[in-house]
Amino acid sequence: MPTLILVRHGRSTANTSGVLAGRTPGVALDERGAAQAAALPGRLAELPISEVVTSPLQRCQETIRPLLEARPELRPHTEERITECDYGDWSGRKLAELTDEPLMQVVQAHPSAAAFPGGESMRAMQTRAAEAVREWNARVEADHGADAVYLMCSHGDIIKSLVADALGLHLDLFQRVSVEPCSITAIRYTRLRPFLVRLGDTGDFASLAPREEPPGEDAAVGGGAGAP
C-alpha cells in the first residue's frame with residue numbers, strides 16, 4: 001500500500017495571535033508560514049509524489065501552492081474529511097481564555113470523550129480522517145501502484161489523530177504527539193500494519209532549545225505555533 005506524506009499547514013496568523021482558528025474563513029499564512037511553504041518543494045524534491053490531497057481551508061491551500069507551482073503535472077484534490085476539527089463555539093476564541101473552560105481538562109486528558117459545544121467530537125474527527133486516508137490509500141494504489149507516495153496537507157489535531165491511529169494508540173494518548181507548522185509526518189501503509197517513518201520533521205531543531213518561557217504541560221489545541 002502507499003506511503004502517505006502528511007504536511008501540516010505553515011504557520012498562520014491565528015497561530016501567532018494565539019487564536020483557535022478552527023474553520024474560521026480567511027485565516028492565512030503569516031510571513032514565516034509563507035516562507036515555510038516556499039521551502040516545501042525543496043524538502044520534497046526527491047519524492048515521486050503521485051497525488052496531492054488538501055483540506056479546503058485557506059492556510060492549507062496556501063501551503064501547497066508553491067509545491068503545485070514547482071510540479072505543474074500535479075492537480076490538487078480537496079478532501080473535506082481532513083479539514084480542521086469543528087471546534088464550534090470555541091472557534092475564533094483566544095486559547096488563553098479557553099484554559100479555564102472545564103472542557104479543556106477533558107480535551108487534554110480524555111479527548112475521546114470531548115465534544116465541542118456547537119461543533120464535533122474529537123472521536124468523530126479522528127474517524128472521518130482515518131476513513132479518508134483508507135479510501136485514498138486504495139485509490140492511490142489502484143491508480144499508481146502499491147509503492148506510490150502521495151501527500152495530504154491538513155491540520156495539527158487531524159495529523160496527531162492519524163498518527164495515533166497508525167500506531168494503534170487510544171485517542172486519549174494523542175495529545176502526547178506534537179507536529180509543528182509545515183512539519184512532515186510519513187506513514188507507510190502495508191496489508192498488515194502501518195509504519196510511522198517520520199514524525200513532525202521540520203529539519204530544524206530550534207524548537208528543542210530551552211526557551212525563556214518554557215512550554216506548559218498542556219497540549220496546544222489545534223497544534224500550536226511551533227518554534228519562536
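**A first tour**

Modeller: The protein has seven helices and six strands. Keep in mind that this is a predicted model.

Colleague: What pattern do they follow along the sequence?
Modeller: The order reads β-α-α-β-α-β-α-α-α-β-α-β-β.

Colleague: How much of the protein is buried?
Modeller: Of the 228 residues, 50% are buried. The accessible surface comes to about 10,800 Å². Carbon and sulfur atoms account for 51% of that surface.

Colleague: And the contacts?
Modeller: Take contacts between residues at least 6 apart in sequence. Of these, 72% join residues at least 24 apart.

Colleague: Let's pick a strand. Is β2 mostly covered or mostly open?
Modeller: Mostly covered. Strand β2 spans residues 49-54, and six of its six residues are buried.

Colleague: Which strands does β2 pair with?
Modeller: One partner is β4, residues 149-154, which runs parallel to β2 and is joined to it by five bridges. Ile49, for instance, has Val149 in β4 as its bridge partner. β2 also pairs with β3, again in the parallel sense, over three bridges. There, Thr54 stands opposite Thr78.

Colleague: How does the chain get from β2 to β3?
Modeller: Through helix α3, residues 58-70. That β-α-β crossover is right-handed.

Colleague: New topic. How many salt bridges are there?
Modeller: The search of the whole structure finds ten. One of them joins Arg81 and Glu135, with the closest N and O atoms 3.1 Å apart.

Colleague: Where do those two sit in the chain?
Modeller: In distant parts, 54 residues apart. Arg81 is in the loop between β3 and α4, while Glu135 is in helix α6, residues 122-144.

Colleague: Give me another bridge.
Modeller: Glu101 pairs with Arg93, and their closest N and O atoms are 3.1 Å apart. Glu101 is partly exposed at 27%. Arg93 is partly exposed at 25%.

Colleague: What about Asp157 and Lys160: buried or exposed?
Modeller: Both are buried. Their side chains meet in a salt bridge at 3.7 Å, N to O. Both lie in helix α7, residues 156-167. They are three residues apart, about one turn of the helix.
Modeller: There is also a network, in which salt bridges with shared partners join Arg23, Glu120 and Arg128.

Colleague: Now the rings. How many aromatic pairs are there?
Modeller: The count is two. In one, the rings of Tyr87 and Phe116 have centres 5.0 Å apart and planes at 90°, so the pair is edge-to-face.

Colleague: Which parts does that pair tie together?
Modeller: Tyr87 is in the loop between β3 and α4, and Phe116 is in the loop between α5 and α6, so the pair ties parts 29 residues apart in sequence. Tyr87 and Phe116 are both buried.

Colleague: And the other pair?
Modeller: That one is Trp90 with Phe116, also edge-to-face. The centres are 5.3 Å apart, with 65° between the planes. Trp90 and Phe116 are 26 residues apart.

Colleague: Why does Trp90 count as buried?
Modeller: Because its relative accessibility is 2%, and buried means under 20%. Phe116 is buried as well, at 3%.

Colleague: Which residues make up the ring cluster?
Modeller: Tyr87, Trp90 and Phe116, linked by ring pairs.

Definitions and conventions:
Residues numbered from 1 in each chain as written. Predicted model: local features only at pLDDT ≥ 70, side-chain atom pairs only at ≥ 80, totals over all residues. Heavy atoms only, no water. Salt bridge = Lys/Arg side-chain N within 4 Å of Asp/Glu carboxyl O. Helix = DSSP H or I, 4+ residues; strand = E, 2+ residues; numbered from the N terminus. Buried < 20%, exposed > 50% of the residue type's maximum accessible area, 1.4 Å probe, protein only. Pairing = 2+ DSSP bridges. Right-handed = clockwise from strand over helix to strand, strands pointing away. Contact = heavy atoms within 4.5 Å. Areas by Shrake-Rupley, 256 points an atom, 1.4 Å probe, with all protein chains shown as cover. Phe/Tyr/Trp six-rings, centres within 6.5 Å; stacked < 30°, edge-to-face > 60°.
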